[in-house]
Each structure stands twice: as C-alpha cells, then as structure tokens.
Amino acid sequence: MEYTGSQYIGEYVDGRMEGDAEYILPTKTKYVGEMKDGMFHGQGTLYFPSGSRFDAVWEKGLVVKGTYTFSDGLQYEAEHWHYCDSCDRRFYTEICHGLKPAGISQLTNMDPPRKIPEGCYDCGDGFYNPATRIIKDYRNRFLRNAAQGLLKRFPRGIMTQDILPFTDGPEHPKLLSERYPPCIRQTLVRTA
C-alpha cells in the first residue's frame, strides 16, 4: 500500500486482503465491501469524491452487475435511459423541483450554477486560470499545473462525461463541469 498511496482497512488471510473491508485509493475514491484473494469480490460500493457512488456485485475484481448513482441522486440505467432525451429535455433538478418561471433559464443541472471566477474556465474538478496556468479546486486550493496537452486542445474543445465546451469565441472555449446528458453533449460539441 505504501507504494501505491492506497490505504486498506480490513483483515488479511495468507497475506491477501480478505473479508469485509475498506480500500481507499490515492484519488480518494473509496471501496467499502467484500474482498477475496486481494480483489473486490461480493457486494461492494465505490464512493467517488464527487459524491456519486457505484453499488455492485463483484467477482474476482470484475463487475457482475451494478448501479451508478450521481451525487444528486439520479440513477443511471444502462437500458431504457430516458433522462433528458428527445421526449423530456429537463435536468434532474427540474424533474425533482419543477421548472423555473418564464424568463429564468437553467443552463446546468446545478441550481444555482457555480460562479466561475472572471477570466477562468471550469475544467471539471476546479478552475483553470490561463494567466497563471494553474488549476485550483472549487475551494481555491491548488490542484495542479495545467498540462501542455490540455492547453493545446483548448481551441478545439474537450469532451468527457464531466466536461463540455461552450465557445465564447473561436479560441476561448468556456468549460462547464455540470453533467450533461448525451443528447445535449453531442449537439453542443458539434457546434463547438
């Protein structure tokens, strides 16, 4: 564990992690559940730093069946996923709490939306300041220096599950970290 930066809280059998345990990765992702022969095995849950979780049945380190729940309580369904599809384009917070009055837009699932500091971009886990080339977390603590590869891709945009480019000019995409459903992401990425 000392070499990987992980932490294990549980029993060992013949030198291997075994039984009910807690395994904390360097990324602060935490597994709580059953272990066998040093692997996730049986019922177990991965808790992510973002507040989301993955409840699953594991067999020899592989997922047999599982359910992913976003931090806002929305559960992902691999089949019959109807969240924000062509029939219903509301965000999950709008489904739970109703639509905003006419004239007030809700652009992300987060309500109220996160305030992006002037001149900065939201890059999914913090704010990127192009003047300092530093990424700080949402509590203004240093996260990392910006990677060269990331900087080179800014003009064309970045797309992952948690990062979506909006262009406010041909050379300066504004990144929003709020989770967008695939139907909206695909539409917006094509225009970026």
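This is a predicted model: local features need pLDDT of at least 70, side-chain atom pairs count only at pLDDT 80 or more; totals for chains, interfaces and linings use all residues.
Biologist: What share of the residues counts as buried?

Modeller: A residue is called buried when its relative accessible area is under 20%. Of the 192 residues here, 32% count as buried.

Biologist: What is the mean pLDDT of the protein?

Modeller: The score is the predictor's confidence in each residue, from 0 to 100. The mean for this protein is 75. A value of 70 or more is reached by 70% of the residues. Now look at residues 148-192, where the pLDDT is below 50. In the model, that stretch has 92 contacts beyond near neighbours in sequence.

Biologist: How many helices and strands are there in the protein?

Modeller: Count three helices and 12 strands. Let's turn to the sheets.

Biologist: In what order do the six strands of the open sheet run?

Modeller: General idea first. Strands of a sheet pair through backbone hydrogen bonds, either parallel or antiparallel. Here the order is E1-E2-E3-E4-E5-E6, and the pairing is antiparallel. E1 and E6 (62-69) are the edge strands, each pairing on one side only. From one strand to the next, the twist averages 5°.

Biologist: How many bridges join E1 to E2?

Modeller: Seven bridges join E1, residues 7-13, to E2, residues 16-24. These strands run antiparallel. Find Gln7 and you will see Ile24 of E2 opposite. Tyr12 faces Met17 of E2 in the pairing, standing opposite that residue. The E1-E2 hairpin has two residues between its strands. Asp14 takes a positive phi there, near 55°.

Biologist: How many residues lie between E2 and E3 in their hairpin?

Modeller: Five residues lie between E2 and E3. In that turn, Lys28 has a positive phi of about 75°. Six bridges join E2 to E3, residues 30-36, and the two strands run antiparallel.

Biologist: Over how many bridges do E5 and E6 pair?

Modeller: Seven bridges, again in the antiparallel sense. E5 covers residues 53-59. Val57 stands opposite Lys65 in E6. A tip for following any such strand on screen: in a regular strand the side chains alternate between the two faces of the sheet.

Biologist: Which strands form the four-stranded open sheet?

Modeller: The order is E7-E8-E9-E10, with antiparallel pairing. Its edge strands are E7 (121-122) and E10 (142-145), and each pairs on one side only. E8, residues 127-129, pairs with E9, residues 134-136, over three bridges. Asn129 has Ile134 in E9 as its bridge partner.

Biologist: How many salt bridges does a search of the whole structure find?

Modeller: Side chains of opposite charge can pair when their charged atoms come close. The search finds four salt bridges. One of them joins the side chains of Arg16 and Asp37, at 3.0 Å from N to O.

Biologist: What does the pair of Arg16 and Asp37 tie together?

Modeller: Arg16 lies in E2, whereas Asp37 lies in the loop between E3 and E4 (39-47), so the pair ties together parts that are 21 residues apart in sequence. Arg16 is partly exposed, at 44% relative accessible area. Asp37 is partly exposed too, at 38%.

Biologist: Which residue forms a salt bridge with Arg53?

Modeller: That residue is Asp55, and the N to O distance is 2.7 Å. Arg53 counts as partly exposed, with 31% relative accessibility. Asp55 is partly exposed as well, with 24%.

Biologist: And Asp137, is that residue buried or exposed?

Modeller: Asp137 is buried, with a relative accessible area of 11%. Asp137 forms a salt bridge with Arg141, where the closest N and O atoms are 2.8 Å apart. Arg141 is partly exposed, at 48%.

Biologist: What share of the contacts with a separation of 6 or more comes from residues 24 or more positions apart?

Modeller: For this, a contact means heavy atoms within 4.5 Å. Residues 24 or more positions apart account for 18% of the contacts with a separation of 6 or more.

How values were computed:
Residues are numbered from 1 along each chain as its sequence is written. Side-chain values use heavy atoms; hydrogens and water are left out. Two strands pair if DSSP finds at least two bridges between them. Buried means under 20% relative accessible area, exposed over 50%, partly exposed in between (1.4 Å probe, protein chains only). Axes are lines fitted to C-alpha atoms, for helices over the stretch in contact, and angles run from 0 to 180 degrees between N-to-C directions.
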